[in-house]
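Dear colleague,

I am handing over the structure we spoke about, and below it you will find what came out of going through it. Please keep it open while you read.

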Amino acid sequence: MNQSESRKQHERSDMSDEMTLIEEIEQELKEARLARDEQRRDALALILSALRSAEKELQRPLSEDEELQVLQRERKKRVEAMEAFEKAGREEQADAEEFELDVLEEFMPDQLDEDEIEEIVDDVIAEVGATSLRDLGRVMADVMPRVSGRADGSVVSQLVREKLA
């Protein structure tokens, strides 16, 4: 790699740090179109559409948290659709949903594993002094912001219920 290529690579990496999620996805979409990768193009277009729709609804640019909420909502839709297609024996559609899910997860933070979630839950239970299921709401209110975007709410809720039971 010569010096000018190195500089361009560095400039690109600096740009990606400053790009909004929508701009990043638009760039990925452009690259997928140029590569004639129709499946990736379609998945990126769906994600971009969901983000723009949320922006239009709020009538302002999305914050990072709001972008993450949109991605989480889309992720949940893909998981549910994939499971429904698998139950119905429609493997081709399930595979398509799984591909979209994989593309979507490229733009999301890494998911926490169960041990990491359990550690956070244990810390919060100790902090709030929770002793029974009546404290579920208080524990969940403190846990969810800490795992935001990195863990499924139903998994967290199940774990909290088990700990407080």
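In this predicted model, confidence in the protein chain is lowest in helix α1 (residues 3–18), where the mean pLDDT is 40, and highest in α3, where the mean is 94. Over residues 1–16 the pLDDT is below 50, and beyond near neighbours in sequence this stretch has one contact in the model. For the protein chain as a whole the average pLDDT is 84, with 89% of the residues scoring at least 70.

As for the overall make-up, the protein chain has eight helices and zero strands. Of its 165 residues, 32% are buried, and among the contacts between residues at least 6 apart in sequence, 57% join residues at least 24 apart.

The axes of helix α3 (residues 38–58) and helix α5 (residues 91–105) come within 9 Å and cross at roughly 65 degrees, and the crossing of α3 past α5 is right-handed. On the α3 side, the contact is made by Gln39, Arg40, Ala43, Leu44, Leu46 and Ile47, while α5 brings Ala96, Phe99, Glu100, Val103 and Leu104. Sorted by kind, the residues of this contact are eight nonpolar, one polar and two charged.

Which residue of helix α5 has its C-alpha atom 8.2 Å from that of glutamine 39? It is alanine 96, which lies in helix α5, and along the chain alanine 96 and glutamine 39 are 57 residues apart.

Helix α5 itself has 15 residues and reaches 21 Å from its first C-alpha to its last, close to the 21 Å expected at 1.5 Å a residue. Its buried residues are Ala94, Glu97, Glu100, Leu101, Val103 and Leu104, and these pack against α3 and α4.

Helix α4 (residues 64–87) has 24 residues and reaches 35 Å between its first and last C-alpha, close to the 34 Å expected at 1.5 Å a residue. The buried residues of α4 are Glu66, Glu67, Leu68, Val70, Leu71, Glu74, Arg75, Arg78 and Met82, and what covers them includes α2 (21–34), α3 and α5.

Finally, some backbone angles are worth checking by eye. Glycine 89, which follows α4, has a positive phi, near 75 degrees. Arginine 36 has a positive phi as well, near 55 degrees, although it is a residue other than glycine, and its place is in the loop between α2 and α3. Is arginine 36 buried or exposed? Arginine 36 counts as exposed, because its relative accessibility is 72% and the cut-off for exposed is over 50%. In the loop between α3 and α4 lies glutamine 59, whose phi is near 60 degrees, a positive value in a residue other than glycine. Glutamine 59 is exposed too, with a relative accessible area of 72%.

With best wishes

Note on methods: Residues numbered from 1 in each chain as written. Predicted model: local features only at pLDDT ≥ 70, side-chain atom pairs only at ≥ 80, totals over all residues. Heavy atoms only, no water. Axes fitted to C-alpha atoms, helices over the stretch in contact; angles between N-to-C directions. Helix = DSSP H or I, 4+ residues; strand = E, 2+ residues; numbered from the N terminus. Left-handed = near helix turned anticlockwise from the far one by under 90°. Contact = heavy atoms within 4.5 Å. Nonpolar A, V, L, I, M, F, W, Y, C, P; charged D, E, K, R; others polar. Expected span 1.5 Å × (residues − 1). Buried < 20%, exposed > 50% of the residue type's maximum accessible area, 1.4 Å probe, protein only. pLDDT = per-residue confidence, 0-100.
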